[in-house]
Every structure is written in structure tokens, then in C-alpha cells.
Amino acid sequence: MTLTEGFSARSFAQRVGLKAHLGLEVDHGDHVLNPDLDAMIAANPLRDAAVLVPIVDRGDEAAVILTLRNANMRKHSGQIAFPGGAIDPEDNYEAETAALREAHEEIGLERGNVELIGRLPRYLTTTGYSITPVIGLVYSPFNLTPNADEVADVFEVPLSFLMNPANHRRESRVWQGKERFYYTMPFGDRFIWGVTAGIIRTLYERLYT
């Protein structure tokens, strides 16, 4: 099958259908750029979590919904993130159910507006989470209502920007006495980095390389 060119939701969904199911058993995460973190991640039990990677159908140019976490949040405050959170018993321990529930709770995205089309490999973090990114197409019309307790803002970034490797910066800082590497993807006055940038980079590597 010949891949449809461009960055429409249709083209994106075709790529997901052809590639996203491959290699799901190979975990990604903070250890990919920092192999010595393998031992740290393995030493502690990880809590299962899920995020929704919402791809909005905007005709020829799809967009990705992201949130800015409230500055008062206990973890990752003030950071840019996908809607998501821990997988709870009420979700029947299913990543898809959790991702949709969290997206509705955090930004008011109705489940009826989302077509789930695949997953990415689990993303393991040094903060104790095993995150399953769930990919969904979001269809208009829809209204978003951010939960002010968790979300300071919600916005869209063109898929073409995020899937352009020229916009992926590999940066580092010293953490616990060692240099740690991570991706950043500055977009205007938005600074995308950490786990969110890592998941976006995984999406690019699986679908566009």
C-alpha cells in the first residue's frame, strides 16, 4: 500500500494502521536517551497510566491537542502534557477507557467525538509510571472545557510541526549528579519537553521514519 502524503488526519490514520501495531512489546521511555536509567526504573514498581494522543481532523492539516497543567498540581505542574492519568479499577484496567475518561475529566472532550485507532509502546518514566499512549482521531464539531483544578490551558499544535525532526531538540541538564538527555519542541511561547516530547518523538520515529 502506498502511503498518502501530507499531514491530514486521513494520512495519519493510514500510517497508524500500517505501522503502529508493530513492536508494541518494546518499551520506550526516559531510558532510551539515558540507558543507565534502566536499573532505576526496574528497581521500583510502576503505576499503570494512559494518555490520549488526540489528533484533530482539520482537513489537509491535522492538529494535536495538548494541555498546560495547572501550576498548583502536585506533579509536573506548569508542564505541557497530553490529557491522561492513572488507570483505575473503574477503567477495568484498560488503557483506552482510562485515556478517554481522563480526556473528558480534564478538558471536556466527549467520547463520541473520538475514534480510537491504535497505541504506542509503553513509555516508562523515572517518576514511577508506565504510560500507554492511546491514539485517537477527534472529529468536529466539539467544545472543550478545561477543568480549572488540573488544566490551565488547552491548545492545538499542527501535526506537521510536531512530526518535523528539525523541531526536535536534544538537550540535557544535570540531575542527581549526572547529565540527562531529553527532547524539547518549543512552539512559540509553548515549551514542550520531558515525557510529552518523548511520546511525540516516539510517534515520529514509528510513523514518519
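Predicted model: local features only at pLDDT ≥ 70, side-chain atom pairs only at ≥ 80, totals over all residues.
Residues are numbered from 1 along each chain as its sequence is written, and side-chain values use heavy atoms, with hydrogens and water left out.

Five helices and 12 strands were assigned in the chain; these are DSSP runs numbered from the N terminus, with helices (H or I) of at least four residues and strands (E) of at least two. The radius of gyration is 16 Å, close to the 17 Å that the globule rule gives for 209 residues, so the chain is as compact as a globular protein of that length. This radius is taken over C-alpha atoms, and the rule is 2.2 Å times the number of residues to the power 0.38. Along its principal axes, the C-alpha trace spans about 45 × 40 × 35 Å.

Of the 209 residues, 48% are buried, where buried means under 20% relative accessible area, exposed over 50%, and partly exposed in between (1.4 Å probe, protein chains only). Among contacts (heavy atoms within 4.5 Å) with a separation of 6 or more, residues 24 or more positions apart account for 64%.

Leu124, in strand S7 (residues 123-124), is buried, because its relative accessible area is 9%. Not counting residues up to four places away in sequence, Leu124 touches Asp27, His28, Gly29, Asp30, His31, Ile41, Leu46, Tyr129 and Ser130. Leu124 and Ala49 are 75 residues apart in sequence, and their C-alpha atoms are 9.9 Å apart in space.

Backbone geometry was also examined. Most residues other than glycine have a negative phi, and most peptide bonds are trans. Asn92, in the loop between strand S5 (84-86) and helix H3 (95-107), has a positive phi of about 55° although it is not a glycine. Tyr93, which lies in the loop between S5 and H3, likewise has a positive phi, of about 60°. Asn92 is exposed, with a relative accessible area of 57%, and Tyr93 is exposed at 60%. A cis peptide bond, with omega about 0°, joins Ser140 and Pro141; Pro141 is found in the loop between strand S8 (129-138) and strand S9 (151-158).
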